[in-house]
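Dear colleague,

Please find the structure below, handed over for your own work. My notes on what was found in it follow directly after.

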Amino acid sequence: MLTLQFVPYHEIESLSSSKRVSKLLDIVKLNKILLLEGRLTREEEADLIKKTMQDISNTFKGIELGVVYPNYKDANLLGKLKYQMINTLLGNRIGLTIIGPASIVKEIKQDPNKIELLTKNK
């Protein structure tokens with residue numbers, strides 16, 4: 001059975017970077033595919049990968065990570081101003097991050113506007 005767990009950004013917003021990464025990794029270790037509202041910082045993504053590498057074992061094979069982040073480069077001036085205002089007010093809540101256990105997720109294909117998650121056949 002495939003289990004998805006949505007984590008709204010407000011659930012991790014008040015945590016330190018280390019606790020944020022640990023919380024997300026703990027969810028993935030339960031063989032759940034995690035859907036995070038928003039995105040982690042680049043430093044947090046690097047820390048997540050580092051902690052994952054330290055925790056690899058016979059039962060935990062690692063993670064697959066994908067991020068969809070809207071691209072506003074082609075927006076007109078008003079659109080870019082709206083994006084800047086929203087980004088300033090909401091911080092890292094824009095976008096969607098998917099993290100899944102490598103034992104379940106075969107591949108995550110992504111581009112700036114869509115994401116595809118392929119699972120392994122059992």
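**Nonpolar cores**

In this predicted model, the largest nonpolar core has 15 residues, of which Ile12, Leu24, Leu34, Leu36, Leu48, Ile63 and Ile99 touch the most other members. A nonpolar core here is a set of buried Ala, Val, Leu, Ile, Met, Phe, Trp, Tyr and Cys residues joined through side-chain atoms within 4.5 Å; buried means under 20% relative accessible area, exposed over 50%, and partly exposed in between, with a 1.4 Å probe and protein chains only. The elements that contribute two or more residues to this core are α1 (17-29) and β2 (32-37), and α1 gives the largest share, 5 residues. Another core, of 5 residues, lies apart from it and includes Ile33, Ile98, Ile104 and Val105.

Leu48 touches Val21, Leu25, Leu40, Ile63, Leu65 and Ile99, residues up to four places away in sequence not being counted. Contact is taken as heavy atoms within 4.5 Å.

**Basis of the values**

Residues are numbered from 1 along each chain as its sequence is written, and side-chain values use heavy atoms, with hydrogens and water left out. As the model is predicted, local features need pLDDT of at least 70 and side-chain atom pairs count only at pLDDT 80 or more, whereas totals for chains, interfaces and linings use all residues.

**The chain as a whole**

The chain holds 3 helices and 6 strands, arranged along the sequence as β-α-β-α-β-α-β-β-β. These elements are DSSP runs numbered from the N terminus: helices are H or I with at least four residues, strands E with at least two. The C-alpha trace spans about 50 × 30 × 20 Å along its principal axes. Of the 122 residues, 32% are buried. Among contacts with a separation of 6 or more, 69% join residues 24 or more positions apart.

**Thr97**

Thr97 belongs to strand β4 (residues 96-101). Why does Thr97 count as buried? Thr97 counts as buried because its relative accessibility is 1%. Its side chain reaches the backbone oxygen of Gly38 at 2.7 Å, a polar contact being a pair of N or O atoms within 3.5 Å, where within protein one must be able to donate a hydrogen and the other to accept it, and residues adjacent in sequence count only if both atoms are side-chain atoms. Beyond its neighbours within four places in sequence, Thr97 is in contact with Leu34, Leu35, Leu36, Gly38, Arg39, Leu40, Leu65, Gly66 and Val67.

Yours sincerely
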